[in-house]
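I opened the model to look up a residue, a helix pair and a sheet. My notes follow in that order.

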Amino acid sequence: MDLEDEMQKVFCWIAQIGNLWFRLLWHILHLILSLWYFAVCIAHAFENSLISCGLLKRYKVLNSGRVQYLALVVDSEEARQTSKVIELLQCLAAIGVKNVCLYDTEGVLKKSKKAILERLGNAKLFEEATKNVPLLDKKHVTLEFASFSDGKEAVAKAANLLFAKYYLGDQEQPIFTESHLAEALRAIGSGGPDPDLLLVYGHTRCHMGFPAWRIRYTEIVYMGPLKSMKYGSLIKAIHKFTMVRQNYGK
Amino acid sequence: KTLVVMLSLQFSLLPITKTKTCTLSPNFKPLLHVQNLHCFRASPHLYRPLCATAQNVIVEENDVVNGTVADGGAPAQDVLLLPAGLRRELMPKHVAVIMDGNRRWARMRELPVWSGYEAGIRALRVLVELCCRWGIRVLTVFAFSSDNWFRPKVEVDFLMSLFEKGTKDELDNFLREDIQISIIGDSSKLPESLQELITNAEEATKHNSRLQLIVAVSYSGHYDILQACQSIALKVKDGLIEPEEINELLIEQELETNCTEIPYPDLLIRTSGELRVSNFLLWQLAYTELFFAQSHWPDFGEAEFLEALRSFQQRQRRYGSRDS
């Protein structure tokens, strides 16, 4: 029994020493990883500054024409910072992105529509601007404002419209095609173009209910909170998009 | 980057919590109780074996009483075997995966395209096992898009034969592991033999409840929404519902994901670094966390899945509402 007790004490002592060493090792590794992440943050911030100043050759020439239609998804709380939204739109205009859809779930941006259009000066509403002129010919910025009601609710309204158009009465009842639904969405005012690129500003990495019908092949990039928006990050995201080659499943 | 991820997983950056490692060796059980030893979540092993053994089960400290789990009295080895750094209450219930990059994986290794697809099947097996082990209820995988029909015929035919072989080979495993299989997509375009096999597999596994594996084959998110609208129009025409009742909820009920009780994925993973959803579950992804992994699908294993889950657990999900 004495021997057993002694052995147990020895094993316990060894275990405690071992735990202390593991704890020390854990702290050292934690410190190394923390320093690593800190260094990565500093590097990103530095890179953004260089991009903003136009010092990085790679980002000097930006084929922004490839972004024919860009969507901004903004967290509704952050969307209340209208000045930040306007700053973002001004950056996009400076980069050469002319057609933008602004989306937030609660419709905060829709309510700030007038203020945003006034502050931007040369901006027009998408619906008015595209009546007779194709997207690429515009000299001014076109803005579309969307909210959750333009997503799932709009599809429900479109379904109702399709039923009313084709299933009431005695006319031939077709099998609905994608063109039927797209046309119905346009008829109810929710038929904007499919964005090429969708930038998400907020705390969650999801598109927050952006109209589902329109994002089949849209590139989705999470940009972080709107308050941390950086011109350099914007350029980087657009540059990365211009390098993408989609094969659309083929 | 892989080393950093593995180290950050194994040596959690969260504050250290002390846990008890339940070793079930009868020689040291009394010692564990008397000495109240503390071990940390850090494991000296960089990889956990796929089959967790009793020796490396780690449970939360306050869940363990006398070597058994306090909330049910089940033995320690029967509790959810979550790796260190994952919190049970934050695990996603429904994970969706776009299994992209099989062909690129093969080309990088100068292998034929078929090798990439076969490697992809192996990766899927691993993921299914992990989901079973970690308590994920639904796993939806994008196996074949409606756009993929435009690929070379020989490739499409190979894929169809792979689906057929895979379903036949795995059916016994699904029955044994209590996995329900469901197929969504336009099955009318699939070979008849595969259609029949799918129907039989769905029927045979319909009462299984451990994991629901939904395989999207010949699937299009656009078509899913469209057929829901079509279905509703027919129901209104037949007097089953009123036109005024057409709303989002009704459309949701008609989507192909109505085969599951949890139709909305909590987490979507797409491999190969592509940043889009490519016509997959368009309606269902409104508030789904999106995780874009750099690795190609055949290389997506336990470490990569852990990274995605950890990233998911660190995010703040509000489903469009404000913080309370």
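Entry 1. I looked up A:Thr242 and found it buried, because its relative accessible area is 7%, under the 20% cut-off. The model is a predicted one. A:Thr242 sits in helix α9 of chain A, residues 231-242. I then listed its contacts, leaving aside neighbours within four places in sequence, and got A:Asn63 and A:Arg66.

Entry 2. I turned to two helices of chain A, α3 (residues 82-95) and α5 (residues 113-120), whose axes come within 10 Å and cross at roughly 45°. That angle makes α3(A) oblique to α5(A). I noted the crossing of α3(A) and α5(A) as right-handed. On the α3(A) side the contact is made by A:Thr82, A:Val85, A:Ile86, A:Leu89 and A:Gln90. The α5(A) side supplies A:Ala115, A:Ile116, A:Arg119 and A:Leu120. Sorted by class, the contact has six nonpolar, two polar and one charged residues.

Entry 3. I went to chain B and traced an open sheet of six strands with parallel pairing, in the order β7-β8-β6-β5-β9-β10. Which strands stand at the edges? They are β7 (179-184) and β10 (289-292) of chain B; each has a single partner strand, so one side of each is left without a neighbour in the sheet. Neighbouring strands are turned by 20° against each other on average, direction ignored.

Entry 4. I checked one pair within chain B: β6 (residues 138-145) and β8 (residues 211-219) run parallel and are joined by seven bridges. B:Val138 stands opposite B:Gln212 in β8(B).

Technical notes:
Residues are numbered from 1 along each chain as its sequence is written. Chains are lettered from A and ligands numbered from 1 in the order in which they are written. This is a predicted model: local features need pLDDT of at least 70, side-chain atom pairs count only at pLDDT 80 or more; totals for chains, interfaces and linings use all residues. Side-chain values use heavy atoms; hydrogens and water are left out. Helices (H or I, at least four residues) and strands (E, at least two) are DSSP runs, numbered from the N terminus. Buried means under 20% relative accessible area, exposed over 50%, partly exposed in between (1.4 Å probe, protein chains only). Contact means heavy atoms within 4.5 Å. Axes are lines fitted to C-alpha atoms, for helices over the stretch in contact, and angles run from 0 to 180 degrees between N-to-C directions. Angles under 35 degrees count as roughly parallel, over 145 as roughly antiparallel, 65 to 115 as roughly perpendicular and the rest as oblique. A crossing is left-handed if the near helix is turned anticlockwise from the far one by less than a right angle, and right-handed if clockwise. Ala, Val, Leu, Ile, Met, Phe, Trp, Tyr, Cys and Pro count as nonpolar, Asp, Glu, Lys and Arg as charged, and the others, Gly among them, as polar. Two strands pair if DSSP finds at least two bridges between them.
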